[in-house]
Amino acid sequence: MATQTHAENVDTVRTSPLFRQQALIDGRWRAAASGRTIAVDDPFTGETIGTIPDLDRQEAQGAIDAATRAFPDWARRPAAERGALLARWHGLIVDNRETLARLITLENGKPIREARAEIDYGASFVKFFAEEATRALGETIPPPAPGRLLRVEREPIGVCVAITPWNFPNAMLTRKLAPALAAGCTMVAKPASQTPLSALALAALAQEAGFPEGTVNVITGKASMIGELVTSSDVVRKISFTGSTEIGAWLMQASGATIKRMSLELGGNAPLLIFDDADLETAVETAMIAKFRNCGQSCIAANRIYVQAGIHDRFVAAFAARVRALKLGDGFDEDTDISALIDEAAVTKVNEHLDEAIAGGATLLAGERGSGRMMPPSLLSGVRQDALLTREETFGPLAPVIRFERYEEAIALANATPFGLASYLCSTDPQTIARASRYIESGMVGINTGLISNAAAPFGGVKQSGLGREGSHHGLEEYLNIKYLCQAGL
Ligand code: NAP
């Protein structure tokens with residue numbers, strides 16, 4: 001088959017039945033009554049590829065009302081029935097893998113191979129929670145007095161809201177929606193305005209799978225209005241948010257008056273520590289994946305690469321060769337490794353980090369400054385320990401190497417941040433691995449690997465990286481309340 005041009009790829013996606021430009025509320029696809037829309041751009045060309053409704057407050061409230069009406073019936077259904085619907089939804093996602101992947105590349109810009117990996121990853125949460133639905137187990141407690149029965153039941157929390165970011169537009173939603181539905185909750189989802197189309201496509205497939213009207217709603221519109229509405233709502237019992245620490249902190253504060261459960265998956269500033277005794281090949285592979293996956297636009301991206309003096313020069317030489325071999329191009333091309341970033345502001349930020357590091361004495365060993373929305377994969381060595389890029393998430397394909405001498409110095413540097421999402425370390429010494437992974441302050445530690453996330457593992461951070469966990473049985477607990485029952489007279 002001849003390779004399609006970018007424009008042909010765009011047309012193919014736009015003519016798919018999964019290309020939805022309306023919100024889903026109470027089982028009906030709707031435009032804004034005002035006719036107002038928000039444009040969605042193709043990051044590679046900057047051209048508008050579609051629009052979504054700019055719903056007003058009353059219309060957004062309609063989704064909360066629909067989820068409220070749908071909740072009692074959904075919560076009472078047998079868990080196995082909820083699981084069966086999730087399994088059907090999973091089957092439809094798998095059947096439409098290629099279309100969904102192309103939709104991600106279209107609205108987010110990421111390389112198509114990474115988009116397919118995101119579909120597989122996102123679908124794995126639906127499969128996992130389809131099975132986990134029947135495992136929301138209760139407990140019995142040995143009573144402290146005779147004639148008593150003490151039990152613990154788990155109940156769905158109620159109406160939940162999911163707010164998702166643009167960097168994984170499919171998987172960040174399935175990671176919330178699947179456990180919520182498995183637990184018996186109903187959901188109102190608000191995707192990022194830059195990448196709403198993947199969420200709408202997932203909702204179309206959920207509808208096809210047969211979820212009852214009102215259980216899955218997707219709304220679009222001004223984030224500030226929706227944020228104010230859902231945080232102040234008495235019936236919204238939980239907000240699950242993935243995005244920046246700044247907005248997460250605001251959501252938590254704004255929800256204070258209505259006391260909601262919160263899950264916050266926020267920003268990271270992951271360190272990668274490479275110790276002298278690391279296997280060189282493993283260290284380079286870890287750095288490549290931890291830094292350049294998703295064009296560096298990942299909350300768990302290795303933001304700071306600390307390399308011990310004894311392995312430093314060999315590591316830098318081998319890493320530079322791999323970085324130089326990465327191909328920058330159109331996300332729809334099968335051999336593209338790094339494609340357009342989400343917008344021009346993203347490239348501006350990476351350029352600022354690069355310029356500041358070079359002004360501080362760093363050397364550019366691969367890549368160059370970006371322009372427009374394209375940022376070449378780049379590598380800096382000789383980066384100062386206090387460079388700007390050690391303090392802020394770069395969120396782009398720029399790898400900074402910082403030299404360290406002693407173990408204690410590395411741990412102190414790794415922890416010198418208010419964030420604590422992921423961290424990585426490479427070593428072959430069991431003692432170093434055990435000590436470093438214990439003393440690093442983060443919710444997740446990758447040891448001799450840059451690929452850590454999967455549906456069966458608890459994903460989440462400590463410190464200002466957030467609260468709660470997604471994936472694993474802990475991810476289901478986020479959508480369940482504990483009810484204690486004490487019965488006397490037995
Ligand atoms: P963001 O600006 O915080 O936006 C995330 C979501 O919040 C979007 O849907 C956005 O809507 C919405 N939002 C913005 N203001 C809001 C408000 N006042 N009320 C309610 N919702 C509001 O974050 P981003 O720039 O898209 O995402 C990048 C950040 O996410 C990075 O810091 C990254 O580390 C983090 N992230 C964390 C994880 C994790 O699991 N820890 C995973 C992925 C990303 P609009 O798009 O309409 O503005």
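**Close-ups of aromatic rings**

**View 1. Arg435 meets the ring of Tyr407.** In this predicted model, Arg435 lies over the face of Tyr407, and the distance to the ring centre is 4.0 Å.

**View 2. Arg175 and the ring of Phe459.** Here's another arginine sitting over a ring: the charged end of Arg175 is 4.0 Å from the centre of the Phe459 ring.

**View 3. Trp89 and Phe211 pair up edge-to-face.** In one of them, Trp89 and Phe211 have their centres 6.0 Å apart, with 85° between the planes. This pair links distant parts of the chain, since its partners are 122 residues apart. Look for Trp89 in helix α3 (residues 79-95); Phe211 belongs to the loop that runs between α7 (197-209) and β9 (216-218). Trp89 and Phe211 are both buried.

**View 4. Phe315 and Phe319 make a tilted pair.** What puts this pair in the tilted class? The ring planes of Phe315 and Phe319 are at 35°, with the centres 5.1 Å apart, so the pair counts as tilted: that angle falls between the stacked limit (under 30 degrees) and the edge-to-face limit (over 60). Both residues sit in helix α11 (residues 309-324). Phe315 and Phe319 are 4 residues apart there, or about one turn of the helix. Are they buried or exposed? Phe315 is buried, and Phe319 is too.

**View 5. A cluster around Trp89 and Phe211.**

Terms used: Residues are numbered from 1 along each chain as its sequence is written. This is a predicted model: local features need pLDDT of at least 70, side-chain atom pairs count only at pLDDT 80 or more; totals for chains, interfaces and linings use all residues. Side-chain values use heavy atoms; hydrogens and water are left out. Rings of Phe, Tyr and Trp (its six-membered ring) pair if their centres lie within 6.5 Å; planes under 30 degrees apart count as stacked, over 60 as edge-to-face and the rest as tilted. Helices (H or I, at least four residues) and strands (E, at least two) are DSSP runs, numbered from the N terminus. Buried means under 20% relative accessible area, exposed over 50%, partly exposed in between (1.4 Å probe, protein chains only). A charge sits over a ring if NZ of Lys or CZ of Arg is within 6 Å of the ring centre and within 35 degrees of the ring normal.
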